[in-house]
Amino acid sequence: MIDVRVAQGRKDVEQCLRLRWTVFVEEQGVRPSDERDAHDRGDAVHALASLGGIPCGAGRVVFPAAGVAKIERMAVVDDVRGRGVGSALLRVLEGEARRRGATTLTLWAQVRAQPFYQKAGYVVSGAVFDDGTGIPHVAMRKSA
C-alpha cells in the first residue's frame, strides 16, 4: 500500500532529504552542492511516500509568487518506480499547493520524466534547458 503524507517535523524532512540524495546524487550524479538549497531549511513543504511502510519517495512544493506553486525535487527510488508512488506523491503535493491557495502549478521536469507529467495534465511551457545539474529539463505548468 502506498502512503504519502506531508512531512511533519525535522525527522520526516531528513528522511525526504536522504531519499533525494539517493536518487539525485548517488543514482543520477548530481553534484552534492546542487541537491539542497535554502528552501529545504525554510519555506518548502515536503512530502514523504512509503510503500508497504518503507520510505521510498519524496518531493517538495515552494511558493515563488502569489497563486503559484512550484513542484520540485520529485524523487522515487529506482526499485519501486512504475508502481504508482510518483503519481501518489504528485497528487499530495498538488493538493497541498491548492490548499495553500495556488491556482497555477509549475515544475521543471527532467526530459525523461516529461511523459509522466504530461499524463498528469502538465503542458510544456518552454524550451529544453540545463538546470545546472547537466540533466536536460523542460518547464511545465497546469492550472491548479
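Which strand does His46 lie in? His46 lies in strand S2. Let me start there and walk along the sheet.

A quick word on the model. This is a predicted model, where local features need pLDDT of at least 70 and side-chain atom pairs count only at pLDDT 80 or more, while totals for chains, interfaces and linings use all residues. Residues are numbered from 1 along each chain as its sequence is written, and side-chain values use heavy atoms, with hydrogens and water left out.

Element names next. Helices (H or I, at least four residues) and strands (E, at least two) are DSSP runs, numbered from the N terminus.

Back to His46. Is it buried or exposed? Buried means under 20% relative accessible area, exposed means over 50%, and partly exposed is in between, with a 1.4 Å probe and protein chains only. His46 counts as buried because its relative accessibility is 4%. Now its contacts, meaning heavy atoms within 4.5 Å. Leave aside neighbours within four places in sequence, and His46 touches Arg5, Val6, Ala7, Val13, Cys16, Arg20, Asp40, Gly59 and Arg60.

Now the pairing. Two strands pair if DSSP finds at least two bridges between them. Strand S2 covers residues 45-51, and S2 pairs with S3 in the antiparallel sense over seven bridges. Look at Leu51: it stands opposite Ile54 in S3. S2 and S3 form a hairpin with two residues between them. In that turn, Gly52 has a positive phi of about 60°.

On to S3, residues 54-65. Pick out Val62, which sits in this strand. Val62 counts as buried because its relative accessibility is 3%. Not counting residues up to four places away in sequence, Val62 touches His39, Ala44, Val68, Ala69, Lys70 and Glu72. How far apart are Val62 and Leu107 in sequence and in space? They are 45 residues apart in sequence and 10 Å apart in space, C-alpha to C-alpha.

S3 also pairs with S4, residues 68-76. That pairing is antiparallel, over six bridges. Ala65 has Val68 in S4 as its bridge partner. The hairpin of S3 and S4 has two residues between the strands, and Gly67 there takes a positive phi near 80°.

What about cover? Seven of the nine residues of S4 are buried, so the strand is mostly covered. S5 is mostly covered too, with six of its seven residues buried.

S4 pairs with S5, residues 104-110, in the parallel sense over four bridges. Between these strands, Lys70 has Thr106 in S5 as its bridge partner. Ile71 stands opposite Leu107 in S5. From S4 the chain crosses through H3 to S5, and this β-α-β crossover is right-handed. Right-handed means this: with the strands pointing away from the viewer, the path from the first strand over the helix to the second runs clockwise.

S5 has another partner. S5 and S8 pair in the antiparallel sense over seven bridges. Here Thr104 stands opposite Ser143 in S8.

Now the helix in the crossover. H3 covers residues 85-99, 15 residues in total. How far does H3 reach from its first C-alpha to its last? H3 reaches 21 Å, close to the 21 Å expected at 1.5 Å a residue. The expected span is 1.5 Å times one less than the number of residues. After H3 comes Gly101, with a positive phi near 100°.

The buried residues of H3 include Val85, Leu89, Leu90, Leu93 and Ala97. An α-helix has 3.6 residues a turn, so residues three or four places apart point the same way. Take Leu90: it counts as buried because its relative accessibility is 2%. Leaving aside neighbours within four places in sequence, Leu90 is in contact with Ile71, Met74, Phe116, Tyr117, Ala120 and Tyr122.

Last stop, the largest pocket. It is lined by 41 residues, and Phe24, Met74, Gln110, Ala113 and Tyr117 lie nearest its centre. Elements giving two or more residues to the lining include H1 (9-27), H3, S5 and S8 (136-143). A pocket here, on a 1 Å grid over the protein atoms alone, is an open set of points where a 1.4 Å probe fits, with protein on both sides within 12 Å along at least five of seven lines; lining residues have an atom within 4 Å of a point. Which element gives the largest share of the lining? S4 does, with seven residues.
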